[in-house]
Amino acid sequence: GAFNLALRYGDAAMVNTGDIEAIADGTQGGVATGIYSYANVQDVSVEDRGLVHATGSGDKALATGIYARSSLYGATIVVNDGDIAAHAYGNAGFAHAAGIVAQSETTVDVTNNQDIDVVARTVDGAALAMGMYATATQTAALRNYGNVSVAAESAYGDAAAYGVFEYVGGAGIGLAINGGDIQVAATGGAGSRADATGINVVGDV
């Protein structure tokens, strides 16, 4: 995929207007990320107006469409005006997939205006699928005006699927707005647990 780092004091800004396809297929595991943008001190911004596909497969599988993180003082902003697909296919281990992951030690702001398709499927382990995921310590805002489809499936293990998952800890403020369509499905094996949640916001304020 596309890889962007600001390891000292600069911002990490990325704009995608083309097609990005990341495929990782390994026997023991595969980790695929379409866009990865990280700033150690300052802000991170990602704007996608193209196509981003990430597919990971193997015994343990991870797939992320867009991963954006600011570590110390900066904010994280993601705007998706394109199409994102993140598919993880596991065998003996887990399968985790997420369309957009945005993290910051201060504030996060994510807006989705188009399509996000997320699938996490495995045989023996746990399956976890999230359309949009954000963590922050001050404020986090997730806005969906597009179509988010999330599916988690495990033949013999647990499965959990979230359309929107937001965590702001003990002192933060979380905001989630849905003006689009969110479809979530989770299927677990016999005797296992399956959880499907459209919007989940965790915070004490």
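I count two strands as paired if DSSP finds at least two bridges between them. Strands (E, at least two residues) are DSSP runs, numbered from the N terminus. The model is predicted, so I take local features only at pLDDT of at least 70 and side-chain atom pairs at 80 or more, while totals for chains, interfaces and linings use all residues. Residues are numbered from 1 along each chain as its sequence is written, and side-chain values use heavy atoms, without hydrogens or water.

**Sheet.** I looked up strand 4 (residues 29-39) first. Strand 4 pairs with strand 7 (residues 60-70) in the parallel sense, over ten bridges. Y36 has Y67 of strand 7 as its bridge partner. I then traced the whole sheet: seven strands, open, parallel, in the order 1-4-7-10-13-16-19. Strand 1 (2-6) and strand 19 (194-202) are at the edges with a single partner strand each, so one side of each lacks a neighbour in the sheet.

**F3.** I found F3 in strand 1. F3 is exposed, at 59% relative accessible area (buried is under 20%, exposed over 50%, partly exposed in between; 1.4 Å probe, protein chains only).

**T187.** I placed T187 in strand 18 (residues 181-187). T187 is partly exposed, with 44% relative accessibility. I listed its contacts (heavy atoms within 4.5 Å). Beyond neighbours within four places in sequence, T187 touches A152, E153, S154, A159 and A194. I also checked V31: it lies 156 residues from T187 along the chain, and their C-alpha atoms are 23 Å apart.

Methods
Helices (H or I, at least four residues) and strands (E, at least two) are DSSP runs, numbered from the N terminus.
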